[in-house]
Each structure stands twice: as structure tokens, then as C-alpha cells.
Amino acid sequence: MTDEFNTEIYYDDDVDESYLANTTVAVLGYGSQGHAHALNLHESGVDVIVGLREDSSSRAAAQEDGLTVETPEEACAQADVISVLVPDTVQPTVYENAIEPNLEEGNTLQFAHGFNIHYNQIQPPEHVDVTMIAPKSPGHLVRRNYESDEGTPGLLAIYQDYTGDAKERALAYGKGIGCTRAGVVETTFREETETDIFGEQAVLCGGIAELIKVGYETLVDAGYSPEMAYFECMNEMKLIVDLMYEGGLGAMWDSVSDTAEYGGLTRGDDVIDDHVRENMEEVLEQVQNGEFATEWIAENQANRPVYTQLNQAEKDHEIEEVGERLRALFAWEESEQETESDDER
Ligand code: NAD
Ligand code: MG
Ligand code: MG
Ligand code: MG
Ligand code: MG
């Protein structure tokens, strides 16, 4: 699959922003990504209309931020580029009701994640471009980095190039939101979708949450205090990951004690053993063969019974209660928590 990965990285100088001149971009949704894309494009001089339902609680925020707001239907009718930034689970409905009836020849459908295109939940007509600029970051950082003249790395993918200019236009969009300041790498809708979903399930969200909980439970079940277990298994995770983010695994191994390094290198693969590798391969297969997508689509159609139950069970885990109590005791955590809840918009 490495052959799909074009290692060329696009920066600001590689982009001709005139591809978005005399163009109107409809940004549908004003959540994590939506607010960042809309504001960054607007400040980059692009003509932006935010598309939100009449009863959307985000309307006031977008208007206060100085943006033009219309209904999704009206925004799409006026737009040349339609940026689909409502949640993945509602995109097919929004596509059917607001986008499809207003798609004109030569328009661009722009995504930040490939789920609905890759799993055929949205099937665009042949006479439009279908592109992806996917910032590899939560939306609040896309906005914050833009404001501080930094960039956010991103992915570029072209699913359909009707006009012959799909890539140039997508890159102009990427420049408008600040991604080409940091660098944009080309991939495909398939590769972005499958690696993104595998990553969040096996490592970033699912894997790490289970690792933390099982570590915590192992210590508490052996009679150690919940407070100690919390600090060892949850709190220190951030400090360790910060080191990896800055300098790779090497920076982490250099920074911890030799005892931690020797113990980690000899015992880590006893914990995350071949059985875990087989489990990951199974998880990847369900992403590749569409089994996970089918399950998640059905779960949403059934009003999320499993999701609701698991979401509550996670909130009820003892480590959450211990953590809330401990974080409140440490002033240095409080300012971080404020930033985090502010980030959740
Ligand atoms: P979000 O949940 O933060 O926000 C969605 C917004 O859509 C809401 O704020 C609301 O304004 C609007 N909305 C919700 N339901 C709607 C409906 N029925 N009709 C019209 N508008 C509605 O979404 P998000 O996390 O920004 O995700 C948007 C896209 O970006 C997705 O494709 C996602 O995969 C992708 N993405 C997200 C992140 C991230 O950091 N959250 C990162 C990379 C890519
Ligand atoms: Mg994802
Ligand atoms: Mg230690
Ligand atoms: Mg070993
Ligand atoms: Mg399971």
C-alpha cells in the first residue's frame, strides 16, 4: 500500500490560491472542524457562507464571529465548493436534502474524512470534483495554529477529478485553512479512511483507553490505592506522550530512568504480545471489509443502543471519579482542563 503514498509534500509556495478566487465556499456545520475551516478561509480572503439549519444552536456563534450564515440548502445553491463538515453520521442525510439538489456541473465536494465516500454512503454524480483536505488535528488546533501564524499538517486526496483542476483547487483550500504552511501529503480516500479508523480503534482511542483501565484495575485489584493507580496509569501518560511527540520513542527512552527503559523494553512486549497483534489484524480486517462501517451505520439507524450503553459505562468507571477528584486538588491541572473544555466546541 506504500505505493499509494505520494511522499511529495505540498507547502504554501506550491499552491496557487487563485484557484479559489471568485469562488464561494459553503462550509456545512460549525463544529470542531467547521468553525476552524470557515474562519480560516474567511480570513484568507475566501468568500465563505456557513450552512446551518434554522434551529441550529451554532448559528449565533457563526454570526457573532462575523460570518454569513444561510440554511444548508441556500449555502449550497450559492456555492462552488461545498465543504461537508457535519458529523459523518448525518452527512448522507444532509447530502440528500441540501447538497445533491444544489450540485452544479463543475462544483467541488470537499471532505475532511473519507468515510461516506469510501463506504458508498454518498454517491456523487460524475460532473463534480470530489476532494479531501483532512487536517491531522482536532479543529480547535486548526484554528489556533492559523491565528498564531503556524500551520496544521494535512492530507490531500482526490476521488474524482471532473474539472481537471481538482488537485489545484483542493490545495488552494488547504492553503486557505493553513495546512500548506505546515505541509500537505497526498493519499487516497481509501487509505485515509482505513488508517484513520484503524488508528482510533486500535491505538489512539480504543487501545489506549483499555491499556489505561486494565493497568489501573490490575493495581487496584492487587490492593494499591486508586490514587496511586491513577497517577501511574493515567496522569503520567500525557508526560510520556509529550516526549514521544517531540522526539519519538528515543526521546522518551532517553528521558526515563534506565530501570524504566530496561523494564519497559523487556516487559512491554509481554503485555502487548502476539495475541494483541492478531487482535489488531482482526480489527483492521473489519475496517477493510466494511464490517465495521455496516455495523456503525446500523447502530445509528437504530438510535445508538450500544453506543449509549458503552458511553455511560465508560463515564461510570471508577478511574473517572478518582481522576475528577484528584485533578481538582492540583492547581496545575485546572488551567489545562479549562483549555480542554474550551477545545471541545
Ligand atoms: P462536530 O460534531 O464537531 O460538528 C458538527 C456540526 O455540524 C455541529 O456543530 C452542527 O453545527 C452541525 N450539525 C450537526 N447535525 C447537523 C444536521 N443534522 N444538519 C446540519 N448540520 C448539523 O463535527 P467534526 O468533528 O468537526 O466533524 C466534521 C468532519 O470532520 C467529519 O467528517 C470528521 O470525520 C472530520 N474530522 C474531524 C476531526 C476533529 O477533530 N473532530 C478531525 C479530522 C477530521
Ligand atoms: Mg476519525
Ligand atoms: Mg516511574
Ligand atoms: Mg519481553
Ligand atoms: Mg468489542
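Guide: What follows takes up helix packing and the surroundings of the ligand.

Guide: This is a predicted model, in which local features need pLDDT of at least 70 and side-chain atom pairs count only at pLDDT 80 or more, while totals for chains, interfaces and linings use all residues. Residues are numbered from 1 along each chain as its sequence is written, and chains are lettered from A and ligands numbered from 1 in the order in which they are written.

Visitor: Why are helix 1 and helix 6 called roughly parallel?

Guide: Helices here are DSSP runs of H or I with at least four residues, strands are runs of E with at least two, and both are numbered from the N terminus. Axes are lines fitted to C-alpha atoms, for helices over the stretch in contact, and angles run from 0 to 180 degrees between N-to-C directions. The axes of helix 1 and helix 6 (residues 139-147) cross at roughly 20 degrees and come within 7 Å. Angles under 35 degrees count as roughly parallel, over 145 as roughly antiparallel, 65 to 115 as roughly perpendicular and the rest as oblique. Helix 1 and helix 6 are therefore roughly parallel.

Visitor: What makes helix 10 roughly antiparallel to helix 11?

Guide: Helix 10 and helix 11 (residues 226-255) pack at about 160 degrees, their axes 8 Å apart. That angle makes the pair roughly antiparallel. Ile212, Gly215, Tyr216, Leu219 and Val220 of helix 10 make the contact with residues of helix 11 including Pro226, Met228 and Ala229; contact requires C-beta atoms, placed from the backbone, within 7 Å.

Visitor: How do you know that the length of helix 10 agrees with its number of residues?

Guide: The expected span is 1.5 Å times one less than the number of residues. For the 16 residues of helix 10 (residues 206-221) that gives 22 Å, and the end C-alpha atoms are 22 Å apart, so the two agree. Just after helix 10, glycine 223 has a positive phi of about 100 degrees.

Visitor: What makes a residue part of the shell around ligand 1, and which come nearest?

Guide: A residue is near a molecule if its C-beta atom, placed from the backbone, lies within 6 Å of it. Of the 23 residues around ligand 1, Gly29, Gly31, Ser32, Gln33 and His113 come nearest. Helix 1 (32-43) and strand 7 (129-135) are the elements giving two or more residues to this shell, and helix 1 gives the most, three.

Key. Contact = placed C-beta atoms within 7 Å.
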